[in-house]
2 protein chains.
Amino acid sequence: MRAGRTTSGSQTQAASIRRTPRQWPTVAIVGVGLIGGSVGLALVARRLASEVIGIGRSAASLAEAKRAGAVTRTTLDLAAGVAEAEIVLVASGVGAIPGLLDAIDKAVRPGTLITDAGSTKASIVSAWEKRRRSRRGRFVGAHPIAGSHRRGPTAATADLFDGRVAVVTPAATTPEADIEEVAGFWASLGANVVTMPPRDHDRMLAMTSHAPHLLAAAIAAATPASARQFTAGGWRDTTRIAAGDPGLWADILLDNAAGVASAVSRITTVTEKMLSAIAKGDRRKLVALLQRAKDERDALGKERDALGS
Amino acid sequence: MRAGRTTSGSQTQAASIRRTPRQWPTVAIVGVGLIGGSVGLALVARRLASEVIGIGRSAASLAEAKRAGAVTRTTLDLAAGVAEAEIVLVASGVGAIPGLLDAIDKAVRPGTLITDAGSTKASIVSAWEKRRRSRRGRFVGAHPIAGSHRRGPTAATADLFDGRVAVVTPAATTPEADIEEVAGFWASLGANVVTMPPRDHDRMLAMTSHAPHLLAAAIAAATPASARQFTAGGWRDTTRIAAGDPGLWADILLDNAAGVASAVSRITTVTEKMLSAIAKGDRRKLVALLQRAKDERDALGKERDALGS
């Protein structure tokens, strides 16, 4: 991590921005699902934007987002929509983000701020940076760590980001002023902003999200249908995220291949220690490993179990 | 599996028993935690027993069970408590069950029915069978597949077994009449009874409960404390069971060592297929594996997510 952009430093920065939230006259949101819709609802509820333009490929889901109050206007025309905005949020699956950023950049007014909400950051930021000198907009990648197993604009809530971490991931060359503006945008929605390089983000999220997803899916896929009636709460909780969209998750896992491999290997090391203790009948060692797991889990705080996923 | 004791056969049997629930004048419950307490509450609520004697090692938790209405009387004296009962349920951790069965058998009236609620069955049943000819009681092992991350008699509910599977695991030599009586006991509490040999049970539960527990614990233990603020719903759901009691779970995993190793290996095979697809950039293969996981998870029925774990 680079100096001045460590976790604690940027949290302080974000906190000071949060005390004086900026207004965003016109915000364009590309992709009005759970995340895009929740950003829209938060902007409206907090009176942070005068206009929230919802942009999507489906008239039906745009209409749903408008009915839900997540956007004030809608359009299927990406170029026309983003041309009006001071800030553009790309809230689509990670596979589509680099292409959308290119298309958006061609249409925005020079100097328009652009951010995203993708679950991976390194490849998105580096794709932007490759053509940085010819860009019209100013892009700073982000990832609000909030979600739900529910999807779409009808699952959106104004408080989805409240007290949750939003990671802002500037490139080495991103101007401080741009970082501050994007951090201020996410902080104004209620998030605690943490700034870190894209690669650090991807490595961290491989451990906290992508590898657990892969293992949950492996457990679900390995369980034969005949065993289903013998499952209870443990299997149900452990595999819940395996119900996620296969295409969206494939893109995340493929985009963070090295991080995922390394996080799974880290988990496998612990798994093998447990299996070895079991094979040797070493109860003391096994209890110690399970206790370490319990301590980590308990440290998260049981009250967070009550929050939506 | 042996003929006549297949899943569907015994379900039919259990269903017919359930229509004419038997009364159990005096039931002794050894261990009044979540499971023992819930059996007591169900017996009382369904007017199936006149007396429910709670037996434990802690006067405080026996008093709690009585206050909760889960037992009608309590005693710290195992021998005295079980001597009065027509049926004895052992609802302690698996590590303690074989020793308790020996002690209980010395004290019961000849012919007393004994069952248990342990999460593993092969070693418990085989320990009983080794001295079968000299036993006073009639033991048939069982495992109600229901639970909660909450523990103790205060977490107990009268409907914990309602519509849940209870596996009854006779030995090869167990008389049909004993199997029927124990199946009837669990069915009378609301459970759907399935009969299978102890080893089949342990192999099945390794896949649906013990291996998922081990992997959830491995994920939790492998996650550094510094990553905790970057966790969201996925990590939280996937690792929830890692908060379980390390001693109780160590005993389960050690007792089902072969089953756990084989189930983890089955899951690892899928994990490696996914990692290989990721490494090769084979999106089609990765989506297919994630889709298989989603199909298995979705098949469980989303409504069951709303039930307690």
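Me: Which residues of α6(A) are buried?

Reply: A residue counts as buried if 20 or more other C-beta atoms lie within 10 Å of its own, as exposed if 12 or fewer do, and as partly exposed in between, with the C-beta atoms placed from the backbone. Helices (H or I, at least four residues) and strands (E, at least two) are DSSP runs, numbered from the N terminus. In α6(A), the buried residues are Ala122(A), Ile124(A), Val125(A) and Trp128(A). Please keep in mind that this is a predicted model, in which local features need pLDDT of at least 70 and side-chain atom pairs count only at pLDDT 80 or more, while totals for chains, interfaces and linings use all residues. Residues are numbered from 1 along each chain as its sequence is written, and chains are lettered from A and ligands numbered from 1 in the order in which they are written.

Me: What covers the buried residues of α6(A)?

Reply: Here we need contacts, and two residues are in contact if their C-beta atoms, placed from the backbone, lie within 7 Å. The cover of the buried residues of α6(A) includes α5, β5, β6, β7 (141–144), β8 (165–169) and α8 (198–222) of chain A.

Me: Is Ala127(A) buried or partly exposed?

Reply: Ala127(A), which lies in helix α6 of chain A, is partly exposed, because 15 other C-beta atoms lie within 10 Å.

Me: What do the buried residues of α5(A) pack against?

Reply: An α-helix has 3.6 residues a turn, so residues three or four places apart point the same way. In helix α5 (residues 97–107) of chain A, the buried residues are Ile97(A), Pro98(A), Leu100(A), Leu101(A), Ile104(A), Asp105(A) and Ala107(A). These buried residues pack against β1 (24–30), α4 (78–83), β4 (87–90), β5 (113–116), α6 (122–130) and β6 (138–139) of chain A.

Me: How many helices and strands does chain A have, and what percentage of its residues count as buried?

Reply: Chain A has twelve helices and nine strands, and 57% of its 309 residues count as buried. Among contacts in chain A between residues at least 6 apart in sequence, 76% join residues at least 24 apart.

Me: Which residues have the most contacts inside the largest nonpolar core?

Reply: A nonpolar core is a set of buried Ala, Val, Leu, Ile, Met, Phe, Trp, Tyr and Cys residues joined through C-beta atoms within 7 Å. The largest such core has 209 residues, and those with the most contacts inside it are Ile29(A), Val88(A), Trp186(A), Ile29(B), Val88(B) and Trp186(B). If we leave aside neighbours within four places in sequence, the contacts of Ile29(B) include Gly36(B), Val39(B), Val52(B) and Leu89(B).

Me: What is the order of the strands in the open sheet of six strands of chain B?

Reply: Two strands pair if DSSP finds at least two bridges between them. The order of this open sheet is β3-β2-β1-β4-β5-β6 in chain B, with parallel pairing, and its edge strands are β3 (73–75) and β6 of chain B, each of which pairs on one side only. Four bridges join β4(B) to β5(B), and Val90(B) stands opposite Asp116(B) in β5(B).

Me: What is the order of the open sheet of three strands in chain B?

Reply: That sheet has the order β7-β8-β9, with mixed pairing, and its edge strands are β7 (141–144) and β9 (192–195) of chain B. Strand β8 (residues 165–169) of chain B runs parallel to β9(B), with four bridges between them, and Ala166(B) stands opposite Val193(B) in β9(B).

Me: How many residues of chain B are in contact with chain A?

Reply: On the side of chain B, 77 residues are in contact with 77 residues of chain A. The largest share of that side of chain B, 16 residues, comes from α8(B).
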